[in-house]
Amino acid sequence: MSTTIDRGAPLGLPEWDRCAVMGVVNVTPDSFSDGGRWFDTTAAVKHGLDLVAQGADLVDVGGESTRPGATRVDEEEELRRVVPVVRGLAAEGVTVSVDTMRASVAAAAVTAGAALVNDVSGGLADPGMVPAVAAAEVPFVVMHWRGFSESMNSLAVYDDVVTEVVTELRTRMEAVVDGGIAPERIVIDPGLGFAKLAPHDLALVAHLPELRALGRPLLVAASRKRFLGHVLTREPGAAPPPARERDAATAAVSALAAHEGAWAVRVHEVRATADAVRVARAVEGAR
C-alpha cells in the first residue's frame, strides 16, 4: 500500500508531495561556497532561474555571508544586494525566500515579492524582525542559533546536542509566537554548522525525528558544510575536500532528510538533490 509522510507546510507556501528543494543564491563576494560568482544582480537572477530549471521549488536569496568568522555587511549594502534579485526572481514567478537577519531587509524583500523569511538567528539578531514578519504575515524560518559568525565556534559546547537544540528551538518558537507570528507560519531549522562541530551536526542529522516532534515543518541545510568535509577526508590529518566537491555528500543528506520527513532541504547544487528527494518519495510510495 502506498504511503505518504505528512511533512507539513507553512501557511502561505505551496504544498509539495515530497521534500521540497530550496536552491541557494548568494549575492555576496565572500560566501564559503561560491563567493562572488553571483554578485551581479543580472547573474544572480539568471542563476536563480537556472536553479528552478534544475528542479528547485523555491530560491533562497541572501546578501550577507554567515560562514564562521564572517563580519557583517552594513544594512544599506545588504538591501542593495538582495532586493533587486528578489524582485527579479519574483517577477518570473519564482517562489522566493530571503535569507537575512535584518527586519528592514526582510520587509523590503517581502514588498519586492519574497514569500518566506529565513532568519538564521530566529529573530534574535534584530528585535524588529519578529514584529516585521508578523505584520507581513509570511512564513518564518526559526533556526537554532547561539551567536554571530565571529564568535559562534566558541559556543559549540553541548552535553547532549540533540536535547539542547530541541529545547532551545522550542523556547525560541514560543517566543516567536508570543511576538505575533502564527504557529502555522513557522518552519524550524537545526542550524547545522552554526555553533556546532562535526559530531554535533552528524548527531542532529541522525536524530531528525526528535526535531520533527516539535510539530513544525523542518528545513535541513547541510549543503557543502564543514562536517561533510570532515566525513569525506580520506586520511587522518589530510585537508578536507573544498566546498564545491561536497555536492554528492550533500545529496546523500538530502535523501536521508527526505526519508525522515523534512519539509525542505537547502542546497547550492540542485540537480542531484532534486533527484535524491524524488527517489526518496518513490521509495516512500512503494511501502
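A cavity, in the sense used here, is a set of grid points where a 1.4 Å probe fits but cannot get out. In this predicted model, a search of the whole structure finds two cavities of 30 Å³ or more.

- Rolling a probe the size of a water molecule over the atoms shows where empty space is left.

**Helix α5**

- The buried residues in α5 are Val161, Val162, Val165, Val166, Leu169, Arg172, Met173 and Val176; seen down the axis of α5, the buried residues fall within an arc of 135 degrees, so they line one face of the helix.
- The elements that cover the buried residues of α5 include the helices α4 (129-136), α6 (198-206) and α7 (208-212), together with the strands β5 (140-143) and β6 (186-189).
- Just after α5, glycine 180 takes a positive phi of about 115 degrees.

- In α1, the residues Ala44, Val45, His47, Gly48 and Leu51 are buried; they cover an arc of only 160 degrees around the axis, which puts them on the same side of α1.
- Thr42, Lys46 and Ala53, by contrast, are exposed on the other side of α1.
- The cover over the buried residues of α1 includes β1 (20-26), β2, α2 and α10 (270-285).
- Buried in α10 are Val270, Thr273, Ala274, Ala276, Val277, Ala280, Arg281 and Glu284; they cover an arc of only 160 degrees around the axis, which puts them on the same side of α10.
- These buried residues of α10 pack against β1 and α1, and also against α9 (247-259) and β8 (264-267).

**Buried residues and their contacts**

- Alanine 56 lies in the loop between α1 (41-53) and β2 (58-62), and with a relative accessible area of 7% it is buried.
- Leaving aside neighbours within four places in sequence, alanine 56 is in contact with Val21, Gly23, Leu51 and Val270; of these, Leu51 is among the buried residues of α1 and Val270 is among those of α10.
- The C-alpha atoms of alanine 56 and proline 183 are separated by 25 Å, and the two residues are 127 residues apart along the chain.
- Threonine 95 is placed in the loop between α2 (75-91) and β3 (96-99), and at 19% relative accessibility it counts as buried, because the cut-off is under 20%.
- Not counting residues up to four places away in sequence, threonine 95 touches Leu13, Pro14, Asp57, Leu58, Val59 and Ala115.
- Alanine 264 is found in strand β8 and counts as buried at 0% relative accessibility.
- Between alanine 264 and alanine 221, which are 43 residues apart along the chain, the C-alpha atoms are separated by 8.6 Å.

- Most residues other than glycine have a negative phi.
- Glutamate 137, in the loop between α4 and β5, has a positive phi of about 55 degrees although it is not a glycine, and with a relative accessible area of 54% this residue is exposed.
- Alanine 195, in the loop between β6 and α6, likewise has a positive phi, near 55 degrees, in a residue other than glycine, whereas at 0% relative accessibility alanine 195 counts as buried.

Technical notes
Residues numbered from 1 in each chain as written. Predicted model: local features only at pLDDT ≥ 70, side-chain atom pairs only at ≥ 80, totals over all residues. Heavy atoms only, no water. Buried < 20%, exposed > 50% of the residue type's maximum accessible area, 1.4 Å probe, protein only. Helix = DSSP H or I, 4+ residues; strand = E, 2+ residues; numbered from the N terminus. Arc of directions from axis to C-beta. Contact = heavy atoms within 4.5 Å. 1 Å grid on protein atoms, 1.4 Å probe; cavity = no way out; pocket = protein on both sides within 12 Å on 5 of 7 lines; lining within 4 Å. Points joined across faces, edges and corners; volume = space filled by probe spheres on them.
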